[in-house]
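Please keep the sequence and the model in view while reading.

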Amino acid sequence: MGNEVRYDGDGIVTQVGPISIITINSSVNEITDLDRVSVQRDQIVPDIIPHLSAQIITGKIVGMYETLTSTAEDNSVIINRGSRDGVEVGQVYDITDTHKIVDPDSNPDKPHYLVMPPQIIGELLIYKVYDKVAFGVITDSSAPILLYSVVQSQ
């Protein structure tokens, strides 16, 4: 699909040569000697107007930042749907959670599970869209948002 590029900090090149020197001005994550450097481009911040999708789009959260298994409000996630699926910047999605419970009438040695109806536990606002994936920020959450949680357009 491609390489993910994550912003870790800013610096200024103070010496150019076979071995160059960069003075780090600020950092938001640890910067190591294996990190790559790129020229900072002027970024245009798009006007994001929250809106509903014209069609029902269902996907899953497939990536999270700074965490392995769960996240919450004000954090970014990646979903497995993109522009080819109809995802657009500004679309709002519900994040749902489905619980399984043991059927009380089942055999305790071989329990049978009942799947409960999905419960809305959060809301996601899409801010960047590619062909196959989209990035969004969790704008509301009432429970931990787990990796592979289902998202559905409102």
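## Terms and basis of the model

A residue is called buried if its relative accessible area is under 20%, exposed if that area is over 50%, and partly exposed in between, with a 1.4 Å probe and only protein chains considered. Ser149, for example, has a relative accessible area of 7% and therefore counts as buried.

The model is a predicted one, in which local features need pLDDT of at least 70 and side-chain atom pairs count only at pLDDT 80 or more, whereas totals for chains, interfaces and linings use all residues. Residues are numbered from 1 along each chain as its sequence is written, and side-chain values rest on heavy atoms, with hydrogens and water left out.

## Overall form

The protein has 0 helices and 12 strands, where helices (H or I, at least four residues) and strands (E, at least two) are DSSP runs numbered from the N terminus. Along its principal axes the C-alpha trace spans about 75 × 40 × 25 Å. The radius of gyration, taken over C-alpha atoms and compared with a globule rule of 2.2 Å times the number of residues to the power 0.38, is 21 Å, while a compact globule of 154 residues would have a value near 15 Å.

Of the 154 residues, 25% count as buried. The accessible surface comes to about 11,300 Å², and 53% of this surface belongs to carbon and sulfur atoms; the areas come from the Shrake-Rupley method with a 1.4 Å probe, and for residues only the protein chains shown count as cover. Among contacts (heavy atoms within 4.5 Å) with a separation of 6 or more, 60% are between residues 24 or more positions apart.

## Strand S6 and its two partners

Strand S6 covers residues 92-97, and because 6 of its 6 residues are buried, S6 is largely enclosed by the rest of the structure. In a regular strand the side chains alternate between the two faces of the sheet.

Two strands are said to pair if DSSP finds at least two bridges between them. S6 is joined by 6 bridges to strand S9 (residues 119-129), and the two run antiparallel; in S9, Leu125 is the bridge partner of Val92, and Leu124 stands opposite Tyr93. S6 is also joined to strand S12 (residues 150-153) by 4 bridges, again in an antiparallel arrangement, with Val150 of S12 as the bridge partner of Thr96.

## Further strand pairs

From S9 the pairing continues to strand S10 (residues 134-141), which runs antiparallel to S9 and is joined to it by 7 bridges. A hairpin links S9 to S10 through 4 residues, and Gly122 has Ser141 in S10 as its bridge partner.

From S12 the pairing continues to S3, with 3 bridges between these antiparallel strands, and here Gly59 stands opposite Val151 of S12. S3 pairs with S5 as well, in the antiparallel sense and over 3 bridges; Gly63 has Ile78 of S5 as its bridge partner.

## Residues in the loops

Which residues does Ser149 touch, not counting residues up to four places away in sequence? They are Gly59, Lys60, Ile61, Ile95 and Thr96, and Ser149 itself is found in the loop between S11 and S12. Tyr148 lies in that loop between strand S11 (145-146) and S12, but is exposed, with a relative accessible area of 52%, and its phi is near 75°, a positive value in a residue other than glycine.

Asp74, in the loop between strand S4 (70-71) and strand S5 (76-79), likewise has a positive phi near 75°, and is exposed, with a relative accessible area of 61%. Glu30 is found in the loop between strand S2 (21-27) and strand S3 (58-64) and is exposed at 66% relative accessible area. Glu30 touches Asp8 and Asp35, leaving aside residues up to four places away in sequence, and the C-alpha atoms of Glu30 and Gly9, 21 residues apart in sequence, are 8.6 Å apart in space.
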